Amino acid sequence: MSSSTRISIEIPGSPTSLVVARGAIARLADTLTESLVSVNDRRVLLVVDRNVTALGARAAASLAAAHAHVSAIHLDATEAQKSLASVDAIWHAALAARLDRGGLIIAVGGGLVGDLAGFAAASYLRGIDFVQVPTTLLAMVDAAIGGKTGINLAIPGGGLGKNLAGAFWQPKVTVADADALATLPPRELRAGLAECIKHAVIAGEPRFAALEADAERLCAGDAAALDRLIPTSAAVKAEIVSRDPFERGDRAKLNLGHTFGHAIETLPGLDLLHGEAVAIGMHAACRCAVVDGLLDSATSDRIVRLIARCGLPTTLPPGRVSAEEIVRRMGFDKKAEGGKLRLVLPRAIGTVTIEQGDHASGVAAGIAAIGAGR
Ligand SMILES: NC(=O)c1ccc[n+]([C@@H]2O[C@H](COP(=O)([O-])OP(=O)(O)OC[C@H]3O[C@@H](n4cnc5c(N)ncnc54)[C@H](O)[C@@H]3O)[C@@H](O)[C@H]2O)c1
C-alpha cells in the first residue's frame, strides 16, 4: 500500500486541500467523500483531456458506482484551444447535462484543461463546485493548486497573450495520483520539473539540494523519486497560496521565470512547452539578476546547471527570435503595472524578490543570455 499525503490550504471562505496518493483516480469517489465533497446523486461533468480518456473513464466508473450522474466532455490540450470557445463548449456541456448550482465540474488532465475547466466552473451559473484531477507532473505540483484559472487572448499586433482572462476559483480538492504519469511523454515530465526547480529556488537549500540529488532519477521517471518530489514541491505552492491567495504579495514569487517565459512560450514555430519556456525564462531571470547586482554568478550557474541536468532547454534555438519581439511580448504580460514590468528575480537559493522599476539593462542581458538576436 503506497502512502498518501493530505495538505490543507486554509483560504478564507474557500478552504481547499490537496491529496497525493497513488491509485486515487480509481477510488475517486472515496477520495472526494473523504475530502467532504459529496458525489451521491450529484450531477457531475468531467472535463477530460483527450489524451487521458482512459483516466477519465476510470474516474467516471468510480463516480457512477457511488451514484453520481456523470457526463463528460473531451478537449484537445493546446494553447490555441485555451480559448473562450472551449469554455463555451464546457458551459454548453454543463447545460446539456442539466448541471444546476449543486453541480460539480471535475477537470481530468494537465494544467491546460484544468485552467479551462476551472474558468468554466467559476463562471457557470456564477460559480459551481470544482475539483482538479491533474494528470501531468506540472499540474500536480503547480497548476492544479491555488485556484488560478483562465484562457489565452489574441494580443494586438499578433500572437497569443497567456492567461489574460480568468478568475480565482479554488478547487474543493486537488487529487494527484502519480500513477497517471505512466503515460505522460518524457518531454512533458521534464517540463514539469521546471516548476519544481522554481519551487526549490523559492523554498531554499534543503529542497534545492534534494532536487539536485534526484535530478537524473526524476528525468528517467523513477517512481520513488517522483513520490518524494510531488508532495514536497506541491507543498511549496500550497504554503505560499494559503498566505496570499489573491497574489497581493508573496504569491507573485511563483512567477519566477514566467515574465520572460510567457513572452517566448507562444512564439510561433518554436513549439515550446510551458515548462520549457519557464526553464529558459528562469535562465533569463538569473542573468538579469546577476547584471543588476542581485545574484552572484556561482548561484546563477548552479540554478542553470540544474535546469540543464533536468533535461530542459536553457536557451532558444539560435537565430530564430529577435530581442525586440520578446520585449514587445513582455509588455503584454499581465504582471506589468503602470507600464512597468514586474520582474521576479532570484537573490539566492531561498530568496526571491519582486522587482519593479527600470531593469532595462538586466532585461536586455537576460534576453541576450537565452540566445535572442538583435
Ligand atoms: N493555473 C496555474 O496556476 C498554472 C500554473 C502553471 C501552468 N499553468 C498552465 O498550465 C498549462 C500547462 O500545463 P501542463 O504542463 O500540465 O500541460 P498540458 O495540460 O498542456 O498537457 C501537456 C500534454 O500532455 C498531455 N497529457 C496530459 N496528461 C497526460 C498523461 N497522463 N498521459 C499522456 N499525456 C498526457 C496533454 O494532452 C498535452 O498534450 C499552461 O497552459 C499553463 O499556462 C497554470
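These legends accompany close-up views of a predicted model.

**View 1. Helix α6 packs against helix α10.** Here we look at residues 186-203, which form α6, and residues 274-291, which form α10. The two axes lie 7 Å apart and meet at an angle of about 40°. That angle makes α6 oblique to α10. As for the hand of the crossing, α6 and α10 cross in a left-handed way.

**View 2. The residues where α6 and α10 touch.** On the α6 side, the contact is made by R187, A191, A194, E195, I197 and K198. Facing them from α10 are H274, G275, E276, V278, A279 and M282.

**View 3. The aromatic pair of F168 and F246.** Searching the whole structure turns up 1 aromatic pair. The ring centres of F168 and F246 are 5.3 Å apart, and their planes stand at 90°, so the pair is edge-to-face; planes over 60 degrees apart count as such.

**View 4. Where the two phenylalanines sit.** F168 belongs to strand β8 (residues 160-168), whereas F246 is found in the loop between α8 (223-243) and α9 (258-265). The pair therefore ties together parts that are 78 residues apart in sequence.

Methods. Residues are numbered from 1 along each chain as its sequence is written. This is a predicted model: local features need pLDDT of at least 70, side-chain atom pairs count only at pLDDT 80 or more; totals for chains, interfaces and linings use all residues. Side-chain values use heavy atoms; hydrogens and water are left out. Axes are lines fitted to C-alpha atoms, for helices over the stretch in contact, and angles run from 0 to 180 degrees between N-to-C directions. Helices (H or I, at least four residues) and strands (E, at least two) are DSSP runs, numbered from the N terminus. Angles under 35 degrees count as roughly parallel, over 145 as roughly antiparallel, 65 to 115 as roughly perpendicular and the rest as oblique. A crossing is left-handed if the near helix is turned anticlockwise from the far one by less than a right angle, and right-handed if clockwise. Contact means heavy atoms within 4.5 Å. Rings of Phe, Tyr and Trp (its six-membered ring) pair if their centres lie within 6.5 Å; planes under 30 degrees apart count as stacked, over 60 as edge-to-face and the rest as tilted.
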